[in-house]
Amino acid sequence: MVIHRPGRLWISILAILSTLQSSVGSAFNVIYAINAGGDAHTDSHGIYYLGDPLKGKIGTESDYGRQLLAINRVSKHDEILYQTERYHHDTFGYDLPVSGDGQYVLILKFCEVYFNGPNMKVFDVLLDRHTIVSDLDIYALVGKGTAHDEYIFFTISRGRLYIKDKNSEIRGSKLKLEFLKGFKDNPKINAILLIKDYNEAILPRLPPLINDHHTGASGMDTIGDQYHSHSYPAADDDGPIVDGADDSIMDDFLSASSEESTKTSSKMRKTSGPKQPNPYSLDDSSIMLPVFIAIGAFIPLLFCLCRL
């Protein structure tokens, strides 16, 4: 007789799930991961985020995002990474450890949880004094209550950082990540993830935004990343439509309107001074009359001169 023991069965299931989670997490060579403004958290990819190392040291940790009903683009389990944040009234940053030469990807996680419009919070992000994100406006990109990730790819070789077309020397095996204070509110960060020797095909990514204008968790309208065009079919009971018929009718209408406008304009135009006669309508004889008079007067004068 086989006796089933539910306790052992559940333990086995939990062990299998734990093994699967560990195998997923091991797919990423995580060098650094922190939940800014919050506590430690293991996300749905099995990546373990440390609690914020700047807690009580610089800036302000906030969980204001918890007031939102949900964070778009992420599962309920991972909302905490976008609900908590660190901000500061001045420039602030983190020291990122690096582990030798290799290819790295820095994933910066953001979510606008306070402002209800664009151009309210705008700031830059620097890595080792190189600008990696310029004029970041989270709301303008995805709206309120919606997760947004920035991916920064760079290389380390022989103690130097190579990012885009810039490079610099690395000191102390650390990179300085800074959030630069600008003129529009305060810089912030929700979470940071640094992965080395990554497989780009399996990097953790947010799902794309589907609608061009969707409602965020707070009930405010937000702007999406992708746009859908809507086409509306013509009614069937209108009968067949002849190609070009509408265009010809419109052309005739515009032509008639133009002629009427020209006539009306010519009638209403006011002239300057009295109307002058057309010089080309005068008779040719009237033009030659002064010539004949001059010849008639010259002949007697010539006769008198000859007698002298």
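Is D95 buried, exposed or partly exposed? D95 is partly exposed, its relative accessible area being 40%. The model behind this note is predicted.

1. The sheet. Four strands make up an open sheet, and their order is β6-β13-β8-β9, with antiparallel pairing. The edge positions belong to β6 (92–97) and β9 (130–136); each has a single partner strand, so one side of each is left without a neighbour in the sheet. From one strand to the next, the twist averages 15 degrees.

2. The β8–β13 pairing. Strand β8 covers residues 122–127 and strand β13 covers residues 174–184; the two pair in the antiparallel sense over 5 bridges. V122 has K184 in β13 as its bridge partner.

3. Salt bridge K176–D95. The structure has 10 salt bridges. One of them joins K176 and D95, with the closest N and O atoms 3.6 Å apart. This pair links distant parts of the chain: K176 belongs to strand β13 and D95 to strand β6, and 81 residues separate them. K176 counts as partly exposed at 33% relative accessibility, and D95 is also assigned to the partly exposed class, at 40%.

4. Salt bridge D185–K121. Here the side chains meet at 2.5 Å, N to O. D185 is placed in the loop between β13 and β14 (188–189), while K121 is in the loop between β7 (102–111) and β8, so the pair ties together parts that are 64 residues apart in sequence. The two residues fall into separate accessibility classes: D185 is partly exposed at 27%, whereas K121 is buried at 9%.

5. Salt bridge K76–E79. The closest N and O atoms of K76 and E79 are 3.5 Å apart, and the two residues form a salt bridge. K76 is exposed, with a relative accessible area of 60%. E79, in contrast, counts as buried at 6% relative accessibility.

6. Aromatic pair Y64–Y114. A pair of aromatic rings is described by the distance of the centres and the angle of the planes. There are 7 aromatic pairs in the count. For Y64 and Y114, the ring centres are 5.6 Å apart and the planes stand at 65 degrees, so the pair is edge-to-face; the cut-off for that class is over 60 degrees. Y64 is found in the loop between β4 (60–62) and α2 (80–83), and Y114 in the loop between β7 and β8, so the pair ties together parts that are 50 residues apart in sequence. Y64 is partly exposed at 34% relative accessibility. Y64 and Y114 also belong to a cluster, in which ring pairs link them with F115.

7. Aromatic pair F153–Y198. How is this pair of F153 and Y198 classed, and at what distance centre to centre? The pair is tilted, at 5.5 Å centre to centre with 55 degrees between the planes. F153 lies in strand β10 (residues 147–157), and Y198 in the loop between β15 (191–196) and β16 (213–215), so the pair ties together parts that are 45 residues apart in sequence. F153 is partly exposed at 31% relative accessibility. Y198 is partly exposed as well, with a relative accessible area of 22%.

8. A charge over a ring. R205 sits over the face of Y151, and its distance from the ring centre is 4.7 Å.

9. Surroundings of G65. G65 is located in the loop between β4 and α2. Its relative accessibility is 0%, and G65 therefore counts as buried. Which residues is G65 in contact with, leaving aside its neighbours within four places in sequence? The contacts of G65 on that basis are Q83 and V113. Between G65 and E85 the separation is 20 residues in sequence and 8.3 Å in space, C-alpha to C-alpha.

Terms used
Residues numbered from 1 in each chain as written. Predicted model: local features only at pLDDT ≥ 70, side-chain atom pairs only at ≥ 80, totals over all residues. Heavy atoms only, no water. Pairing = 2+ DSSP bridges. Axes fitted to C-alpha atoms, helices over the stretch in contact; angles between N-to-C directions. Salt bridge = Lys/Arg side-chain N within 4 Å of Asp/Glu carboxyl O. Buried < 20%, exposed > 50% of the residue type's maximum accessible area, 1.4 Å probe, protein only. Phe/Tyr/Trp six-rings, centres within 6.5 Å; stacked < 30°, edge-to-face > 60°. Lys NZ or Arg CZ within 6 Å of the ring centre and 35° of its normal. Contact = heavy atoms within 4.5 Å.
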